[in-house]
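This report describes one protein model and is meant to be read with the structure open. Please look at the sequence and the model first.

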Amino acid sequence: MSIVVCKEFVNESKDMRQGYCEGMMRLAENDPHIIALDADLMTAMGMKPFAEKFPEQTVDCGIQEANMVGVACGMSAAGMIPFAHTFAPFITRRACDQVFMSGAYAKQNVKLVGSDPGITAQLNGGTHMPFEDMGIMRGIPTMTVLEPTDITMLNNLLPQVAQQYGMFYMRLVRKAVKKVYEEGSTFESGKAVQLRDGKDVTIIASGFCVSEALEAAKQLEQDGITARVLDMFTWKPLDEQAILDAVKDTGAIVTAENHNVINGLGSAVSDFVVKHTPVPMEMVGVQDEFGEVGKLDYLAGRFHLKAEDIAAAVHKVVARKQ
């Protein structure tokens with residue numbers, strides 16, 4: 001990996017969905033086996049340019065999410081490399097049996113993309129606000145589970161996902177996100193990124209919470225606390241060595257996720273830590289609740305996913321450590 005972190009975290013100049021479309025077009029230009037499938041959300045996901053340029057590599061299945069997954073699995077069996085997208089709750093909750101049986105159990109090569117994860121669903125509200133999608137996918141054998149942090153990471157991971165055989169689930173924000181990584185940074189699926197070092201605590205974050213974790217680390221410096229920050233963009237397989245190093249070096253962990261803490265990133269990390277070297281832990285995330293309608297900043301406060309919430313959890317865990 002070769003990582004360059006931005007000095008300031010501001011919104012990307014374009015939406016994540018545009019980065020996804022451009023990345024898929026680059027893949028399709030070099031490989032006719034790449035297929036983009038959607039469930040009547042091609043406009044919402046910004047995939048119309050792909051469909052116009054590669055009509056023979058595009059399938060809009062309509063509002064039939066389970067059927068779309070079945071079609072993708074059939075295409076995989078025929079040698080294609082299908083990327084199937086819809087909103088995250090529909091491709092995980094609604095199509096779960098097809099993902100399990102037709103995909104993973106049948107050892108197919110399907111890339112599932114769930115958009116608007118967690119609070120980024122915003123005004124679509126609780127029915128469309130997935131706080132459980134990564135947990136569902138984590139529970140399916142052989143599934144690789146990813147959450148790209150920004151467009152730079154997405155662009156680097158997409159070819160890796162396409163080239164590696166197997167079932168993948170990737171949750172993806174549709175609109176603009178905070179830019180964390182400079183262009184040219186490279187990543188490896190299954191390997192966490194250490195964004196900064198510290199000796200008192202390790203904050204293990206993902207997605208929306210990565211930039212919040214970095215801001216929290218800055219705030220904590222004023223209190224004399226130095227925090228290591230890890231971007232754990234791969235939830236499965238988990239980077240166990242990075243967690244072991246964090247336990248050894250800092251002796252305390254806070255996880256931060258735009259997801260239910262039950263069966264989420266916090267659960268994944270704690271399941272591993274408790275079997276090896278238990279240390280004080282706190283989990284910042286959704287506390288077993290449904291979503292609701294609101295703008296991103298309101299929802300981040302409502303579900304306690306902001307930098308100040310992460311900093312407060314660090315104070316708790318450091319006090320327990322002492």
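The text below goes through the spaces in the model, a surface patch, some backbone details and the salt bridges.

The model is predicted.

**The largest pocket**

The largest pocket holds about 580 Å³ of space. It is lined by 31 residues, and the closest to its centre are Thr120, Ala176, Val177, Phe208 and Leu296. The largest share comes from H8, with four residues. Sorted by class, the lining of the largest pocket has 14 nonpolar, seven polar and 10 charged residues.

**The cavity**

A search for cavities of 30 Å³ or more gives a count of one. The largest cavity contains about 40 Å³ of space. Its lining is made of Tyr20, Ala36, Leu37, Asp38, Met42, Met47, Phe83 and His85. Strand E1 (34-38) and strand E3 (81-87) are the elements that give two or more residues to this lining. E1 gives the most, with three residues. By class, the lining of the largest cavity divides into six nonpolar residues, one polar and one charged.

Which residues make a nonpolar surface patch of about 320 Å²? The patch is made by Phe100, Met101 and Tyr105. Phe100 has its place in helix H5, which covers residues 96-105. The relative accessibility of Phe100 is 31%, so Phe100 counts as partly exposed.

**Backbone details**

Most peptide bonds are trans, and most residues other than glycine have a negative phi. The model has some exceptions to look at.

The peptide bond that joins Lys236 and Pro237 is cis, with omega about 0°. Pro237 is in the loop between strand E10 (234-236) and helix H9 (240-250).

Lys107 is not a glycine, yet its phi is positive, near 60°. Lys107 is found in the loop between H5 and strand E4 (111-115). Is Lys107 buried or exposed? Its relative accessible area is 64%, and residues over 50% are called exposed, so Lys107 is exposed.

Gln122 also is not a glycine and has a positive phi, about 50°. Gln122 lies in the loop between E4 and helix H6 (133-138).

**Salt bridges**

How many salt bridges does a search of the whole structure find? The search finds 17 salt bridges.

| Residue | Partner | N to O distance |
|---|---|---|
| Asp15 | Arg17 | 3.1 Å |
| Arg93 | Glu132 | 2.9 Å |
| Glu221 | Arg196 | 2.5 Å |

Asp15, which forms a salt bridge with Arg17, has a relative accessible area of 24% and is therefore partly exposed.

The side chains of Arg93 and Glu132 meet in another salt bridge. Arg93 lies in helix H4 (residues 88-94) and Glu132 in the loop between E4 and H6, so this pair ties together parts that are 39 residues apart in sequence. Arg93 has a relative accessibility of 40% and so counts as partly exposed. Glu132 has a relative accessibility of 24%, so Glu132 counts as partly exposed too.

Glu221 forms a salt bridge with Arg196. Glu221 lies in helix H8 and Arg196 in strand E7 (residues 193-196), so the pair ties together parts that are 25 residues apart in sequence. Glu221 counts as partly exposed because its relative accessibility is 45%.

Asp133, Glu147 and Arg171 are linked in a network of salt bridges.

H5 contains Phe100, and the loop between H5 and E4 holds Lys107. The loop between E4 and H6 holds Gln122, and Glu132 lies in that loop as well.

Conventions:
Residues are numbered from 1 along each chain as its sequence is written. This is a predicted model: local features need pLDDT of at least 70, side-chain atom pairs count only at pLDDT 80 or more; totals for chains, interfaces and linings use all residues. Side-chain values use heavy atoms; hydrogens and water are left out. On a 1 Å grid over the protein atoms alone, a cavity is a set of points where a 1.4 Å probe fits but cannot get out, and a pocket is an open set with protein on both sides within 12 Å along at least five of seven lines; lining residues have an atom within 4 Å of a point. Grid points are joined across faces, edges and corners, and a volume is the space filled by probe spheres set on the points. Ala, Val, Leu, Ile, Met, Phe, Trp, Tyr, Cys and Pro count as nonpolar, Asp, Glu, Lys and Arg as charged, and the others, Gly among them, as polar. Patches are made of residues with over 30% relative accessible area and no salt bridge: like charges are joined within 9 Å, nonpolar side chains (Val, Leu, Ile, Met, Phe, Trp, Tyr) within 5 Å. Accessible areas come from the Shrake-Rupley method with a 1.4 Å probe; for residues, only the protein chains shown count as cover. A salt bridge is a side-chain nitrogen of Lys or Arg within 4 Å of a carboxyl oxygen of Asp or Glu. Buried means under 20% relative accessible area, exposed over 50%, partly exposed in between (1.4 Å probe, protein chains only).
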